[in-house]
Amino acid sequence: VDNRTMGTPTYTIKFKKTMGVDTKLDTNNEEKKEESELSSLKVESNEAGNDHLSNLLTIIVTTSPIKSNPSTELLEKTFATFRHGGYDFTLCEKIIVCDGCRILEEEKKEANEPLNKPNKVSKKYQNTKQALRNGIATNTQADNYQLFKIALKKICEEANGNKSSPFYNTRVVELEERMGYGFALRHALYHEVVTPYVCVIQHDRTFMRSTPMKAVVEAMMNKRVNGDIKYVGMSMRSNLNYRDIFTSKYGKDSLQELLNMVILPPELVLDAEVYGPNDSLMEKIDCDDALKSNLQSLSRSYLHGSIQYRSHKQQLETSRKELKETEWQLSLTPTLFWYDNTHVCETSHYRDFIFNPKYKMVARGGFVEDKLSPVITKSVERLGLREGHDKFNCYLLDDHSGFFFTGAYGIGISLSN
């Protein structure tokens with residue numbers, strides 16, 4: 001991407017098709033160390049005979065200090081919804097990355113302070129939530145976070161060998177320093193993952209309904225038919241009508257070009273009783289009763305007035321795709337925004353491109369989407385929609401039912417339970 005098009009800060013990016021890690025990069029010692037360790041961390045093959053989802057996919061869950069610590073309820077509720085991803089999904093290895101934290105200087109204990117206490121900072125924030133989002137805790141919050149991690153490890157140990165537990169095949173990775181979401185994820189990718197795909201989930205993001213995780217991975221593997229799909233984001237409330245959002249920003253002509261890039265993978269022709277417009281779907285959605293009327297209203301609006309739904313119906317008609325009455329076609333829509341919300345991504349794409357220190361597309365202490373999404377937009381503005389998007393190949397999954405797949409804690413789960 002041309003420096004002159006990027007504004008401030010600027011990035012010099014040379015897009016490559018190669019997948020290997022460049023060992024000649026001019027990086028700092030920490031990045032060189034990670035690269036060295038990564039070179040010995042082999043990614044498992046996805047060749048025939050190795051197609052069990054647990055051999056292909058690792059689930060990475062990121063967490064950090066929150067007000068509810070030392071309670072583990074938030075993660076227990078989140079993990080309980082993994083069943084919506086399918087039985088094979090629940091068997092995949094799960095890595096919970098516990099980010100480090102920093103302590104407010106004014107909270108410093110005068111005596112008997114443990115030597116392993118996190119680094120201290122003096123920067124103040126308006127409220128506790130804002131401070132915690134930036135990895136800054138009081139001594140009490142840091143102590144509660146430590147107790148939370150101890151309790152979490154105990155839950156994982158007790159679930160060992162018990163396939164009926166949501167925490168089956170789960171381990172906890174603790175980071176000594178505060179890295180922020182992006183670099184905490186990077187640490188897991190560089191040091192812990194050996195599968196060709198990862199599913200990234202934030203600690204408060206839940207599945208609301210059946211989500212075809214295995215079919216998504218199979219669609220990504222079928223490059224001969226579906227092309228090079230690097231990232232698939234699960235739909236949420238804010239991007240359910242992504243095509244409408246895109247049209248309002250870029251116009252109808254650009255929408256047509258976007259629609260030409262939509263993928264209809266054969267792997268995503270699924271059960272019409274579970275996906276697509278279906279009067280019985282509301283009964284299967286994991287949400288509080290108080291939200292049902294709002295979701296039903298949203299679904300009606302989606303089915304009767306959205307570009308997202310109308311364009312999908314038109315595409316099915318023009319493609320002359322023959323579907324049985326019991327089948328429904330899900331779609332993958334190109335996105336110019338890299339959502340940190342629940343998504344599946346090629347491990348090598350994250351390691352070798354997104355987190356490549358040469359490109360500096362993710363900042364330490366921040367979220368991936370904050371810095372990467374503007375890079376995608378600038379790439380498209382300079383190179384055109386198809387060529388600019390081709391470097392990132394990120395898509396959003398939609399079954400065009402009017403209901404999204406994932407939600408935040410309190411929306412994606414039933415609070416009464």
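This is a predicted model: local features need pLDDT of at least 70, side-chain atom pairs count only at pLDDT 80 or more; totals for chains, interfaces and linings use all residues.
Strands of a sheet pair through backbone hydrogen bonds, and the sense is either parallel or antiparallel. Strand 2 (residues 93–98) and strand 6 run in the parallel sense, paired over five bridges. Ile96 has Val172 of strand 6 as its bridge partner.

## Aromatic pairs

The whole structure holds 17 aromatic pairs. One of them joins Phe82 and Phe207. Their ring centres are 6.1 Å apart, with 85 degrees between the planes. That pair is edge-to-face. It links distant parts of the chain, 125 residues apart. Phe82 sits in the loop between helix 3 (73–80) and helix 4 (87–91). Phe207 belongs to strand 8 (residues 205–207). Both Phe82 and Phe207 are buried.

Why is the pair of Tyr350 and Phe355 stacked? The planes of Tyr350 and Phe355 meet at 20 degrees and the ring centres are 5.4 Å apart, so the pair counts as stacked; the cut-off for stacking is under 30 degrees. Tyr350 is buried, at 0% relative accessible area. Phe355 has 4% relative accessibility and is also buried.

## A cluster and a charge over rings

Phe82 and Phe207 also belong to one aromatic cluster, together with Phe79, Phe89 and Phe167.

Arg186 is placed over two rings. Over the face of Phe183, Arg186 lies at 4.0 Å from the ring centre. Over the ring of Tyr190, the charged end of Arg186 sits 5.6 Å from the centre.

Is His203 buried or exposed? Its relative accessible area is 12%, so His203 is buried, the cut-off being under 20%. His203 lies in the loop between strand 7 (197–202) and strand 8.

The side chain of His203 makes a polar contact of 2.8 Å with the side chain of Thr63. Beyond its neighbours within four places in sequence, His203 is in contact with Val61, Thr62, Thr63, Ser64, Ile66, Leu74, Leu75 and Thr78.

Which side chain makes a polar contact with the side chain of Ser331? The partner is His400, at 2.6 Å. Leaving aside neighbours within four places in sequence, the contacts of Ser331 include Arg243, His312, Asp398 and His400. Val262, Ile263, Leu264, Leu396 and Leu397 are also among them. Ser331 and Leu268 are 63 residues apart in sequence, yet their C-alpha atoms are 7.4 Å apart in space.

## Thr377: a helix residue

Thr377 lies in helix 16 (residues 368–383). Its relative accessibility is 17%, so Thr377 counts as buried.

With neighbours within four places in sequence left aside, Thr377 is in contact with Tyr250 and Leu336. Leu336 is 41 residues from Thr377 along the chain. The C-alpha atoms of Thr377 and Leu336 are separated by 5.9 Å.

Note on methods
Residues are numbered from 1 along each chain as its sequence is written. Side-chain values use heavy atoms; hydrogens and water are left out. Rings of Phe, Tyr and Trp (its six-membered ring) pair if their centres lie within 6.5 Å; planes under 30 degrees apart count as stacked, over 60 as edge-to-face and the rest as tilted. Helices (H or I, at least four residues) and strands (E, at least two) are DSSP runs, numbered from the N terminus. Buried means under 20% relative accessible area, exposed over 50%, partly exposed in between (1.4 Å probe, protein chains only). A charge sits over a ring if NZ of Lys or CZ of Arg is within 6 Å of the ring centre and within 35 degrees of the ring normal. Contact means heavy atoms within 4.5 Å. Two strands pair if DSSP finds at least two bridges between them. A polar contact is a pair of N or O atoms within 3.5 Å; within protein, one must be able to donate a hydrogen and the other to accept it, and residues adjacent in sequence count only if both atoms are side-chain atoms.
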